[in-house]
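Here are my notes on this one, jotted down as I went through it. Have a look at the model alongside them.

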Amino acid sequence: MTWERLLAQWPLIEADFHETYGIDVGDGILRRRSWRWFRARVLGLLSTDSRLHRHFAPPPEKPRKTRR
């Protein structure tokens, strides 16, 4: 996983920050926070049930039942 791939999913990150952390990244908060602060939260999104996590690790497909 690269930061380039992660940041390419910015709309998911933005929505997850709001839903998971209650943080609106559009209000300029990222200019006031450190890279470490941002990194910790993005990595947190990858370790919980979030849009970002589901994008990169979708749930396994359920086996389809065959009709006889």
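1. I get three salt bridges in the structure, counting a side-chain nitrogen of Lys or Arg within 4 Å of a carboxyl oxygen of Asp or Glu. Keep in mind that this is a predicted model, where local features need pLDDT of at least 70, side-chain atom pairs count only at pLDDT 80 or more, and totals for chains, interfaces and linings use all residues. Numbering starts from 1 along each chain as its sequence is written, and side-chain values use heavy atoms, with hydrogens and water left out.

2. Start with arginine 51 and aspartate 16, whose closest N and O atoms are 2.9 Å apart. Arginine 51 sits in helix α5 (residues 51–56) and aspartate 16 in helix α2, so this bridge ties together parts 35 residues apart in sequence. Helices here are DSSP runs (H or I, at least four residues), as are strands (E, at least two), numbered from the N terminus.

3. Arginine 51 also has a salt bridge to glutamate 19, again given as 2.9 Å from N to O. That one links helix α5 to glutamate 19 in helix α2, 32 residues apart.

4. How buried or exposed are these partners? Take buried as under 20% relative accessible area, exposed as over 50% and partly exposed as in between (1.4 Å probe, protein chains only). Aspartate 16 is buried at 2%, glutamate 19 is exposed at 57%, and arginine 51 is partly exposed at 30%.

5. Then there is arginine 54 with aspartate 49, at 2.7 Å from N to O. Arginine 54 is partly exposed, at 37%, while aspartate 49 is exposed, at 59%. As for shared partners, Asp16, Glu19 and Arg51 are joined into one network.

6. On to the inside: the largest nonpolar core has 11 residues, among them Leu6, Ile13, Phe17, Trp37, Val42 and Leu52. By nonpolar core I mean buried Ala, Val, Leu, Ile, Met, Phe, Trp, Tyr and Cys residues joined through side-chain atoms within 4.5 Å.

7. Valine 42 is worth a click. Setting aside neighbours within four places in sequence, valine 42 is in contact (heavy atoms within 4.5 Å) with Trp3, Leu6, Ile13, Phe17 and Leu52.
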